[in-house]
Amino acid sequence: MDQKTFFLKIWEKEAPATRKVLSRVPEGSDYRPDPKSRTAREIAWLLVQEEIALGEGLAKGVIDWAEQPAPATMAEILAIYDRRHPEVTATLQALAPARWEQPVGFLWGGQEV
């Protein structure tokens, strides 16, 4: 089994669990696992952002990370996840298997990390 096939098999299996976890963050919650941590809503948004960045990064050959402020509500985060997850999945499925074997650069604020 190649990297693409293996990843997409797990990706599809985990997507419903990811959606369920995101949906369980209470609206208006300001819970932080630690005083220095992001809120649960911000962590949920980070998960969605990371998924989007992964698809775009593999397609472009570089992940160009830019922090985005979290939407004001969990409903907005879920709507973005519901809209973007199928798009990211289609992007990943369309990539040639060889692309999965190539390195992907990571930029943060335009600087290579």
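**View 1. Lining of the second largest pocket in this predicted model.** W11, E14, A15, T18, L22, L47, V48, E50, E51, L54, Y81 and H85 line the second largest pocket. Its volume is about 160 Å³. Three helices each supply at least two of the lining residues: α1 (3-23), α2 and α3 (74-94). By class, the lining holds seven nonpolar, two polar and three charged residues.

**View 2. The largest pocket and the residues at its centre.** The largest pocket holds about 240 Å³ of space. Its lining counts 13 residues, and Q49, I52, A53, E56 and D64 are the closest to the centre.

**View 3. Elements that build the lining of the largest pocket.** Helix α2 (40-60) and strand β1 (62-65) each give at least two residues to this lining. The largest share comes from α2, with seven residues. Sorted by class, the lining of the largest pocket has seven nonpolar, three polar and three charged residues.

**View 4. A nonpolar patch on the surface.** M1, F6 and I10 make up this patch. Together they have about 340 Å² of accessible area.

**View 5. I10, a member of the nonpolar patch.** I10 belongs to helix α1. Its relative accessibility is 36%, so I10 counts as partly exposed. That class lies between buried, under 20%, and exposed, over 50%.

Definitions and conventions
Residues are numbered from 1 along each chain as its sequence is written. This is a predicted model: local features need pLDDT of at least 70, side-chain atom pairs count only at pLDDT 80 or more; totals for chains, interfaces and linings use all residues. Side-chain values use heavy atoms; hydrogens and water are left out. On a 1 Å grid over the protein atoms alone, a cavity is a set of points where a 1.4 Å probe fits but cannot get out, and a pocket is an open set with protein on both sides within 12 Å along at least five of seven lines; lining residues have an atom within 4 Å of a point. Grid points are joined across faces, edges and corners, and a volume is the space filled by probe spheres set on the points. Helices (H or I, at least four residues) and strands (E, at least two) are DSSP runs, numbered from the N terminus. Ala, Val, Leu, Ile, Met, Phe, Trp, Tyr, Cys and Pro count as nonpolar, Asp, Glu, Lys and Arg as charged, and the others, Gly among them, as polar. Patches are made of residues with over 30% relative accessible area and no salt bridge: like charges are joined within 9 Å, nonpolar side chains (Val, Leu, Ile, Met, Phe, Trp, Tyr) within 5 Å. Accessible areas come from the Shrake-Rupley method with a 1.4 Å probe; for residues, only the protein chains shown count as cover. A salt bridge is a side-chain nitrogen of Lys or Arg within 4 Å of a carboxyl oxygen of Asp or Glu. Buried means under 20% relative accessible area, exposed over 50%, partly exposed in between (1.4 Å probe, protein chains only).
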